[in-house]
Amino acid sequence: MLSICSFSMKKIKDLKPEEIDRIIEMGWEDRTTFDAIFNQFGISEKQTIKIMRKEMKASSFRMWRKRVQGRRTKHEALRKDEVKRFKSTRQKAISLNKYK
């Protein structure tokens, strides 16, 4: 796992459309943490929320925020010890946002 200190943060404007799509997809996944998004894309929780707000319909964004806010599964530090990681069913076909 990458250390937060060793990974530089990206700017939203530098992201490719495919990366933005994948960030939104990961944001929607209940068990994918904001830390996982940061490790893969260098995008903080705050930046992820900004992307979601910009790219989604207002009603969809509000529904997502209501569901995600305070959710333990979206924050690695709040997860129970027995939950080590989550792997999406699609993840086997995707590696660092590149389809194989």
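The secondary structure of the protein comes to four helices and two strands, where helices (H or I, at least four residues) and strands (E, at least two) are DSSP runs numbered from the N terminus. Read from the N terminus on, the elements run α-α-α-α-β-β. This is a predicted model, in which local features need pLDDT of at least 70 and side-chain atom pairs count only at pLDDT 80 or more, while totals for chains, interfaces and linings use all residues. Residues are numbered from 1 along each chain as its sequence is written, and side-chain values use heavy atoms, with hydrogens and water left out.

Among contacts (heavy atoms within 4.5 Å) between residues at least 6 apart in sequence, 68% join residues at least 24 apart.

**Packing of H1 and H2**

Helix H1 (residues 17–28) and helix H2 (residues 34–41) pack at an angle of about 160°, with their axes 10 Å apart. That makes H1 roughly antiparallel to H2, the label given to angles over 145 degrees. On the H1 side, Glu19, Arg22, Ile23, Met26 and Gly27 take part, and these meet Ala36, Ile37, Gln40 and Phe41 in H2. The residues of this contact divide into five nonpolar, two polar and two charged.

**Aromatic pairs**

The structure holds two aromatic pairs, a pair being rings of Phe, Tyr and Trp (its six-membered ring) whose centres lie within 6.5 Å, with planes under 30 degrees apart counted as stacked, over 60 as edge-to-face and the rest as tilted.

| Pair | Centre to centre | Angle between planes | Arrangement |
|---|---|---|---|
| Phe34 and Trp64 | 6.5 Å | 85° | edge-to-face |
| Phe61 and Trp64 | 5.9 Å | 40° | tilted |

Phe61 and Trp64, by contrast, both lie in helix H4, three residues apart, about one turn of the helix. Phe34, Phe61 and Trp64 form one aromatic cluster.

Terms used:
Axes fitted to C-alpha atoms, helices over the stretch in contact; angles between N-to-C directions. Parallel < 35°, antiparallel > 145°, perpendicular 65-115°, else oblique. Nonpolar A, V, L, I, M, F, W, Y, C, P; charged D, E, K, R; others polar.
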